[in-house]
Structures are given as C-alpha cells and as structure tokens.
Amino acid sequence: MIEKSKVKIAIVGARFAADLHMDAYHNVPGVDIEITGVASKDSENAKAFCNRHGLDPRIVHEDVSTMIKEVDADIIDLAVPPFIHVPFAIEAAKAGKNVICEKPLTGYFGDQSIPVEERKNVGLTDKKIMFQECLKDCKKIDKVFSDNEVTFCYAENWVYAPPIVKAKRLLKASKGKILEIRGCEGHSGSHSPFAAEWKYTGGGSLIRMAAHPYGAAIHLKMWEGLTQNGAAIYPKSVIATTTRNRKLLKDLPPDVDYINSRPVDVEDWSCGIITFEDGTNAVIFGSDITLGGVDNWLNIYASSTRIECKLSNNNTVMGYAPTNKQFEDEYTIEKIETKAGWSSAQPNEDFMFGYPHEMKDFIQSVLEQKQPESDLRLAIWATKVMYAAYLSAESGQKIEIPSGFNL
Ligand SMILES: NC(=O)c1ccc[n+]([C@@H]2O[C@H](COP(=O)([O-])OP(=O)(O)OC[C@H]3O[C@@H](n4cnc5c(N)ncnc54)[C@H](O)[C@@H]3O)[C@@H](O)[C@H]2O)c1
C-alpha cells in the first residue's frame, strides 16, 4: 500500500484523452495528485499540454520509455493510441508502476518488424490472424500484471457513468434478470488523425467507439452473475457486421459533406450481437456516421424493469441561437456540427461520462492495492469480444469466444 495521500502520476499522450484525464484528476477528493512527467510523440504537443493545465514544462520527457523507467511516479497514465497501449503498459509494470490505460486494451496493428509509419493496408489482414495475434497480446499482458503485483486500471468510463451506476441500483432493487441490452456510441467522426487507420487504432468504429457499450454490457452481465449467484456471466459468442459508408459519399461536394470521418482501411459503422453464457443477448452499435452530437446510450430490458440510460444528448438545458455565431465560444455538446438552432447544451458532460468517478476509483485502488471496478479482466474480455466480432463480420459466421487465449 502507498503510505500517503499524495499520488504521483506521469502521463503518456498529451491531447484529447490526456485533457479528459487531467480535468478528472482535479475532481478526485481527498488525495493530493502531482503530475511528475508528461511525454508524447511530439514534445511541443506535451509542452502545450503543460501550458493548458498549469504544469511546469520541465516535467516534459523526450523519450517515453526512459520516462516510464526513471520518473518518480506511482502511476503511468496511457492516453495514447491503442497500438502502443500494451508495450508501454508492460514497460510500466516491469518498472513497478501501476497503469491507467485507455480503451481499447489492444488489437492487431500489423507486422511489428516494420515501422508503424511504413505499414500499409493493415485492415485487409485475415481477421483470424488478427484475432490470434490479439489473444497473444492479451495473454502477455495478463501474465506480466499477475507477475509484477501492480494494478491495471482499464479506463472504461462507462462502467462509472452515473446513468449506468444508477441503472445497477435500479436492477438490484428490482431483483430482475437482464434479458437484453442495447447500446450505442455514435458521432460524425473522430478528431484524432490516428482514428482513420487500422495500424494505429486496431479497427474503426467497432473498436474505437463501440468499445464503450461493449465494455458496459459485458461489465453488467459479469456484475449480475456475481451479485446474484457468485459467478460472473461471460460472453459466449458474437455475430457482427461492419461497413465503410464513406465510400458511398466520396463524390459529395464539400459544402454538403457533413460527416467528418475519413476512414482509410477501417469501418465507420458496426453492429454486433453478443450472446452470453445464460443465453441472453446484447446488441451493440458503433457509428462514425451519426450527425447531431455524440450519441451515447444504453438500454436494459430486464425481467422486472426496463431502464434507459442516456449518457449524452440530454435535454436538461436546451439553448437556442439564431446562427452559429452566438455560441461560437461556448461548449454545447461533443462533436456537434452546428450551434445554430436548438442545442442540447450539456451542463457537465465529463461527469455524465464518468471520468471523475473512474479516476477516483483508480486512485483508491492503487492506494489500497485492490482491483478497480474496471480492471484488466474486463479489458481482456472486451478485446476478445470485439476481435471475435471482426472475425464474424469477415466470415459471416457466429464466433465462439474462447474463455482463455487460444482460438
Ligand atoms: N474514454 C474516452 O472517452 C476516450 C475518448 C477519446 C479517446 N480515448 C482513447 O484515448 C487514447 C488517445 O486518444 P486521443 O483521442 O487522445 O488521441 P489524440 O490523437 O488526440 O492524442 C494522441 C496522443 O498520443 C501521442 N502519441 C501518438 N503516438 C505516440 C507515440 N508513438 N509515443 C508517444 N506518444 C504518442 C500524440 O502525440 C498525442 O499526444 C486512445 O486509446 C483512445 O481510444 C478515450
């Protein structure tokens, strides 16, 4: 146990997710959090991050691996694209440091003997090979974390999102059995240049966006089994389909082309059906072709209750503006295309998405050396289900999900 109420964190990555994490750290009560290092591919980027968050730019490290090894930190926070999650997490564990890692845990990113910048059309690789390689990665990280007695915190914020936490309370009160889950994450395209290519992200809308509802649905069924019968209910099989709609839009004139996603070798829409061990199902959508701001929801159909969780696009505050100009400098909702007309202005999106709550659990888990609610087991199951979904989409078959690490 770390004998102190001060926790030192070094962050890898310095843009979108790193900003979310930093804002969340400010909202963890009762613990003094010190950021002792920042590293990213581009150190100018890391310095700009320090500027935005009032950090001393002297904590910027040029080299990530050196920082992980040498920095005085209890936690390495990985807010980088998925292709470097596992290698950096393993380096951190071997250096005796706990890890917070963004979703998804991992994936397939092409031939590791070729520099990532030079890899081409990784998305065309046989999905069975992808799935096998991905399982090897999961096995490796599982072993390293069990050998090194450090905590792995999987930054699946939906597990902590207040609407989902409340849904668990309602489910518990109703004593019902979850019969069906439907969930979605959608918007009109990522801000991140890494999102367009399989070699950086390990897939498209399925793994980048639907990772959240997949993670939440798997978590809910595991939790249901554990709380009702002392044994988690795991995913058994998945059937899925994926599409790249962008190819249908390539001739659109720019002034009527509202969808921002520009996938190179990844899908921009997906739907998967997970069947769990008890025969119940979850239907999960991931979409990069959804206009109107981020669309995050999860509905639960149980034997004694029905619950609808709306994480985004809530109408608590509706603001009208005659043109785009009035709200130009004021935030309304993530990834909205226009601020003209009525806007569903989210009063506290980070809170509704569960970022401060996940960081509170992660910090407490590290201090108390316990497993967080969103842990490596969930990260591995979500990865296995999503790669089985890719194999299903390619083969047109329902795919059994291995309980271990072999296909
Ligand atoms: N939980 C959420 O709601 C949420 C939201 C967005 C992103 N994410 C996840 O966060 C991670 C980062 O996404 P993002 O949106 O911040 O991307 P981004 O493109 O905004 O930022 C990526 C950062 O990683 C750095 N980076 C890239 N390659 C690197 C390398 N080889 N070595 C060191 N640094 C490197 C970049 O310099 C940049 O600072 C991804 O895993 C993504 O899935 C999660």
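Predicted model: local features only at pLDDT ≥ 70, side-chain atom pairs only at ≥ 80, totals over all residues.
Trainee: Which element gives the largest share of the shell around the ligand?
Mentor: The closest residues are Arg15, Phe16, Ala17, Lys41 and Ser192. Helix H1 covers residues 16-25. The largest share of the shell is 3 residues, and their source is H1.

Trainee: How many residues of the shell around the ligand are charged?
Mentor: The nonpolar class holds 13 residues of this shell. Another 5 are polar. The charged residues number 6.

Trainee: Are H1 and H11 roughly parallel or roughly perpendicular to each other?
Mentor: H11 spans residues 355-368, and its axis lies 8 Å from that of H1. The two helices pack at an angle of about 70°. Angles of 65 to 115 degrees count as roughly perpendicular. H1 and H11 are therefore roughly perpendicular.

Trainee: Which residues of H11 make the contact with H1?
Mentor: The residues of this contact divide into 6 nonpolar, 1 polar and no charged. H1 brings Leu20, His21, Ala24 and Tyr25. H11 brings Tyr355, Pro356 and Met359.

Trainee: Is Thr305 buried or partly exposed?
Mentor: Thr305 sits in the loop between strands E11 (295-302) and E12 (306-310). Within 10 Å there are 15 other C-beta atoms. A buried residue needs 20 or more, an exposed one 12 or fewer. Thr305 is therefore partly exposed.

Trainee: What separates the C-alpha atoms of Thr305 and Ser174?
Mentor: Along the chain, these residues are 131 apart. Yet Thr305 is in contact with Ser174, as well as with Leu170, Leu171 and Gly176. The C-alpha separation of Thr305 and Ser174 is 6.5 Å.

Definitions and conventions
Residues numbered from 1 in each chain as written. Axes fitted to C-alpha atoms, helices over the stretch in contact; angles between N-to-C directions. Helix = DSSP H or I, 4+ residues; strand = E, 2+ residues; numbered from the N terminus. Parallel < 35°, antiparallel > 145°, perpendicular 65-115°, else oblique. Contact = placed C-beta atoms within 7 Å. Nonpolar A, V, L, I, M, F, W, Y, C, P; charged D, E, K, R; others polar. Near = placed C-beta within 6 Å. Lists of a residue's contacts leave out its neighbours within four places in sequence.
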